[in-house]
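Subject: Structure for your review

Dear colleague,

Please find the structure below, together with its sequence. I would be grateful if you read the notes that follow with the model open beside you.

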Amino acid sequence: MAGEPQSDCLFCKIVSGDIPATIVRESETTVAFRDINPQAPTHVLVIPKVHYPDAASLAAAEPQIAADVLTEAGAVAADEKIDSTGYRVIFNTGSGVGQTVFHAHAHVLGGRGLQWPPG
Ligand code: 5GP
Ligand code: ZN
């Protein structure tokens, strides 16, 4: 069923606790944890607890949870004190632009200057 945990999904296993992660925030619908391969001083992933392959499919099926992901991304930025200097929220969508985990996730990046446009 849509949104159900997938046995072959890394981020579903982080939600269930089967794979450890450095969790920085949790809400009823989301988990935020540090990226294992950080690309900036702050690099946190915010994921919905439900499984959808990307942000657009999450938003189509569960708009409130998509909003929760964005709210939590802002809260992470405030917790990490990067909200005043600026930060970026990225949803890679598709393998052609580097999506490697097909469970919707927001990258929250900050703590250094970030090039625009991104590479
Ligand atoms: P994507 O490339 O799909 O947009 O982002 C997936 C992200 O997940 C990557 O930045 C990668 O470093 C991170 N990642 C992959 N495996 C793990 C893991 O086991 N634990 C954590 N915390 N992050 C992971
Ligand atoms: Zn999943």
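A salt bridge is a side-chain nitrogen of Lys or Arg within 4 Å of a carboxyl oxygen of Asp or Glu. With that in mind, please note that this is a predicted model.

**Salt bridges**

A search of the whole structure finds 4 salt bridges. One of them joins the side chains of Arg25 and Asp79, with N and O 2.9 Å apart. This pair links distant parts of the chain, since Arg25 belongs to strand E1 and Asp79 to helix H3, 54 residues apart. Asp79 is partly exposed, with a relative accessibility of 41%, and Arg25 also counts as partly exposed, at 25%.

Arg25 forms a salt bridge with Glu72 too, and here the closest N and O atoms are 2.8 Å apart. Glu72 lies in helix H3 (residues 63-79) and Arg25 in strand E1 (residues 23-26), so this pair ties together parts that are 47 residues apart in sequence. Why does Glu72 count as buried? Its relative accessible area is 9%, and buried means under 20%.

A further salt bridge is found between Arg34 and Glu80, whose closest N and O atoms are 2.9 Å apart. Arg34 is in strand E2 and Glu80 in the loop between H3 and E4, so that the pair links parts of the chain 46 residues apart. Both residues are partly exposed: Arg34 has a relative accessibility of 35%, and Glu80 has a relative accessible area of 22%. Salt bridges that share partners join Arg25, Glu72 and Asp79 into one network.

**The surroundings of ligand 1**

Arg34 also has a part in holding a place beside the ligand: one of its backbone N or O atoms lies 2.9 Å from a nitrogen atom of ligand 1. Asn92 has a polar side-chain atom 2.9 Å from an oxygen atom of ligand 1, and a polar backbone atom of Gly98 is 2.7 Å from an oxygen atom of the ligand. On its own, ligand 1 has 520 Å² of accessible area, and the protein covers 83% of this.

How many residues surround ligand 1? There are 15, and the closest are Asp35, Gly98, Thr100, His105 and His107. Helix H1 (10-16) and strand E2 (30-34) each supply at least two residues of this shell.

**Two histidines**

His103 is placed in the loop between E4 and E5, while His51 is in the loop between strand E3 (42-48) and helix H2 (55-61). Are these residues buried or exposed? His103 is buried, with a relative accessible area of 0%, and His51 is buried as well, at 12%. Their side chains make a polar contact of 3.3 Å.

Leaving aside residues within four places in sequence, the contacts of His103 include Cys9, Phe11, Cys12 and Tyr52. The C-alpha atoms of His103 and Tyr52 are separated by 5.4 Å, although these residues are 51 residues apart along the chain.

**A nonpolar patch**

On the surface, Leu70, Tyr87, Val89 and Phe91 form a nonpolar patch, with about 320 Å² of accessible area together. Phe91 is found in the loop between strand E4 (87-90) and strand E5 (106-110). Phe91 is partly exposed, at a relative accessible area of 31%.

Yours sincerely

Methods
Residues are numbered from 1 along each chain as its sequence is written. Chains are lettered from A and ligands numbered from 1 in the order in which they are written. This is a predicted model: local features need pLDDT of at least 70, side-chain atom pairs count only at pLDDT 80 or more; totals for chains, interfaces and linings use all residues. Side-chain values use heavy atoms; hydrogens and water are left out. Patches are made of residues with over 30% relative accessible area and no salt bridge: like charges are joined within 9 Å, nonpolar side chains (Val, Leu, Ile, Met, Phe, Trp, Tyr) within 5 Å. Accessible areas come from the Shrake-Rupley method with a 1.4 Å probe; for residues, only the protein chains shown count as cover. Helices (H or I, at least four residues) and strands (E, at least two) are DSSP runs, numbered from the N terminus. Buried means under 20% relative accessible area, exposed over 50%, partly exposed in between (1.4 Å probe, protein chains only). Contact means heavy atoms within 4.5 Å. A residue is near a molecule or strand if one of its heavy atoms lies within 4 Å of it. A polar contact is a pair of N or O atoms within 3.5 Å; within protein, one must be able to donate a hydrogen and the other to accept it, and residues adjacent in sequence count only if both atoms are side-chain atoms.
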